[in-house]
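Hi everyone, thanks for making time.

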Amino acid sequence: MEIRLENLKKNYSSIHAVAGVDLTIPSNKIYGIIGKSGAGKSTLVRLISMLEKPDEGKVFYDGNRVDNLAKKDLIKKRREIGMIFQNFNLFSSRTAAKNIAYPMEICGMNKDYIRKRIDELLSLVGLEGKGDAPISTLSGGQKQRVAIARALSTNPSILFCDEATSALDPQTTRSILALIKEIQQKMNLTVVMITHQMEVVRDACDRVAVLESGRIVEEGSVSEVFSNPKSPVTKDFLSSVTNVQESVVRWSQEGGHYTLRFRGGATDAPILSTVGRKTGAIFNIRAAGVQTVSGEDMGIIVCDIGPNAETVASALSELRRMSVIVEEEVRSDV
């Protein structure tokens, strides 16, 4: 299901939580919305999912406006949506199976269908045999799997994930993201992931929008945004990802005036050697590595270039000619 937002606005007193967002979220993809704390992510997802009405603007599902639906139609439309949260939002008094059953019970579904559907979903999320387990006995990752199964119980067209992995350790996060990707492909879901973690976007999403102060400051495919970030906030997010990933190693804490980004086949080419021979440039590499983003290799090198301004200018020109993205700034936090 495609989601389209037109000039969406939401204010709380003098706070412009969402300040004129225009956005199209394509059908049957995993779409990331990333922003720092206070950027407006939670408000935006509440507007998109019809939990709140915008002050201005419109929300469309597959071309049909949904933000102005009457109460009865709104309740019906919300059944096409599944949601998972950071803190799981499970009933501690219910078993795993009864948590999964709850949305179906609310919809008045047949008990035999509910039992069958529970078994299907437990198998889908890798929790066979855990239906009778009290929630208190499950690990964080298992609780999130129950929450995912519950969100899918009514066969939604859209799945919203609001900071769904923020409370999990890195290994569990990777397994949950892999599960969400698998489910999205099996069920042809439109998945919207709200997060402040760029590694979640890198590992799971097809496209991403970067939110700052209630506005979209950058949008595009994940590989495009990673290889050629435009906004300062996106570059800041990427520097934090570079800092924590073992695939990118910094061995010198000094310098690093230039950041070079390579994409696809360029990660295997002897580009620096070629440019050095052609221009006489000397490269002092401070950090380097390769990450896989949306199935494509993305290389990064943080370096200084010498020996003089004329040679540097020539080297930068040659690098850009070879499709290397060059950022000229001090990246001491990489």
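**A ring pair and what surrounds it**

Let's begin with Phe-91, which is partly exposed, because its relative accessible area is 32%. Keep in mind throughout that this is a predicted model.

What does Phe-91 pair with? Its partner is Tyr-102: the ring centres are 4.8 Å apart and the planes meet at 65°, so we call the pair edge-to-face, as the angle is over 60. The count of aromatic pairs comes to one, so this is that pair. In terms of the chain, the pair links distant parts: Phe-91 belongs to the loop between β6 (81–85) and α3 (96–106), while Tyr-102 is in helix α3, 11 residues apart. Tyr-102 is partly exposed too, with a relative accessible area of 32%.

Phe-91 has another neighbour. The charged end of Arg-94 sits over the Phe-91 ring, 5.9 Å from its centre. You'll find another arginine over a ring elsewhere: Arg-4 lies over the face of Phe-60, and there the distance from the ring centre is 4.2 Å.

Okay, on to the backbone. Phe-88 has a phi near 75°, which is a positive value in a residue other than glycine. Is Phe-88 buried or exposed? At 13% relative accessibility it counts as buried, because the cut-off is under 20%.

Asp-62 also has a positive phi, near 50°, and again it isn't a glycine. Look for Asp-62 in the loop between β4 (56–61) and β5 (64–65). Asp-62 counts as partly exposed, because its relative accessibility is 46%.

One more backbone detail: the peptide bond joining Gly-306 and Pro-307 is cis, with omega about 5°. Pro-307 is in the loop between β14 (296–306) and α11 (309–321).

Now a helix. In α10, residues 271–279, the buried residues are Ile-271, Leu-272, Val-275, Gly-276 and Thr-279. They cover an arc of only 130° around the axis, so they are on the same side of α10. That spacing along the chain makes sense if you recall that an α-helix has 3.6 residues a turn, so residues three or four places apart point the same way. And what does the face turned away from the buried side carry? There you have the exposed residues Arg-277 and Lys-278.

The largest pocket has a volume of about 630 Å³. Of the 19 residues lining the largest pocket, the closest to its centre are Arg-78, Ile-81, Gly-82, Met-83 and Pro-103. The elements giving two or more residues to this lining are α2 (71–78), β6, α3 and α5 (140–152), and β6 gives the most, with four residues. By class, the pocket lining has 11 nonpolar, five polar and three charged residues.

Then there are the cavities: three of them are 30 Å³ or more.

Notes
Residues numbered from 1 in each chain as written. Predicted model: local features only at pLDDT ≥ 70, side-chain atom pairs only at ≥ 80, totals over all residues. Heavy atoms only, no water. 1 Å grid on protein atoms, 1.4 Å probe; cavity = no way out; pocket = protein on both sides within 12 Å on 5 of 7 lines; lining within 4 Å. Points joined across faces, edges and corners; volume = space filled by probe spheres on them. Phe/Tyr/Trp six-rings, centres within 6.5 Å; stacked < 30°, edge-to-face > 60°. Buried < 20%, exposed > 50% of the residue type's maximum accessible area, 1.4 Å probe, protein only. Lys NZ or Arg CZ within 6 Å of the ring centre and 35° of its normal. Arc of directions from axis to C-beta. Nonpolar A, V, L, I, M, F, W, Y, C, P; charged D, E, K, R; others polar.
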